[in-house]
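Welcome! Please take a look at the sequence and the model below, and we will walk through some of the rings and strands together.

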Amino acid sequence: EFYIPVESSSIHFLKTKLCVGCSKGFEIVDLESLDTQGLLDPADASLDFVRKRENLRPMAIYRIENEFLLCYKEFAFYVNKNGWRSRQDFMVHWEGSPTGFALRFPYVLAFEPTFVEIRHVETGLMSQVIQGNNLRLL
């Protein structure tokens, strides 16, 4: 049994750990010791844009080869297994305010109530937008 004393917005299973998205960011939980630690390394100054933001909403994490694609409500970027930003030139700013994400390699899908934004995970470029009404990830 473990407790994270903040509101959680997502939960993800990694190979040997649990990753919880909460208002502090992505927290990694060791399932054996139940210790928690932040995913992002505070020594990486290139991640200050994340740490200085209020009301962050981390929503999804996807392992792509040896990196992790971190999807927040406002943006997405890559970090390595040590929590350092791994692609300085990669940043996705979502067109809308996604309520859910899905990965269908090589694409990440961001679901918004009126459209689905489809982006290539290697370039971050938009591949397609599918419009609709009352869309949501099931």
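Which residues form one aromatic cluster? They are Phe-26, Phe-49, Tyr-72, Phe-75 and Phe-77. This is a predicted model, where local features need pLDDT of at least 70, side-chain atom pairs count only at pLDDT 80 or more, and totals for chains, interfaces and linings use all residues. Residues are numbered from 1 along each chain as its sequence is written, and side-chain values use heavy atoms, with hydrogens and water left out.

Searching the whole structure gives eight aromatic pairs. Rings of Phe, Tyr and Trp (its six-membered ring) pair if their centres lie within 6.5 Å; planes under 30 degrees apart are stacked, over 60 edge-to-face, and the rest tilted. Two of the pairs are shown here:

| Pair | Centre to centre | Angle of planes | Kind |
|---|---|---|---|
| Tyr-78 and Phe-90 | 4.8 Å | 65° | edge-to-face |
| Trp-94 and Phe-101 | 5.1 Å | 50° | tilted |

Tyr-78 and Phe-90 are both buried, as are Trp-94 and Phe-101; buried means under 20% relative accessible area, with a 1.4 Å probe and protein chains only. Arg-87 lies over the face of Tyr-78, 3.9 Å from the ring centre (for Arg, CZ must be within 6 Å of the centre and within 35 degrees of the ring normal).

Now for the strands, which are DSSP runs of E with at least two residues, numbered from the N terminus. Four of them make an open antiparallel sheet, ordered E1-E2-E3-E4; two strands pair if DSSP finds at least two bridges between them. E1 (8-13) and E4 (36-38) each have a single partner strand, so one side of each lacks a neighbour in the sheet. Five bridges join E1 to E2 (residues 17-22), and Phe-13 stands opposite Leu-18 in E2.

Terms used. Buried < 20%, exposed > 50% of the residue type's maximum accessible area, 1.4 Å probe, protein only. Helix = DSSP H or I, 4+ residues; strand = E, 2+ residues; numbered from the N terminus.
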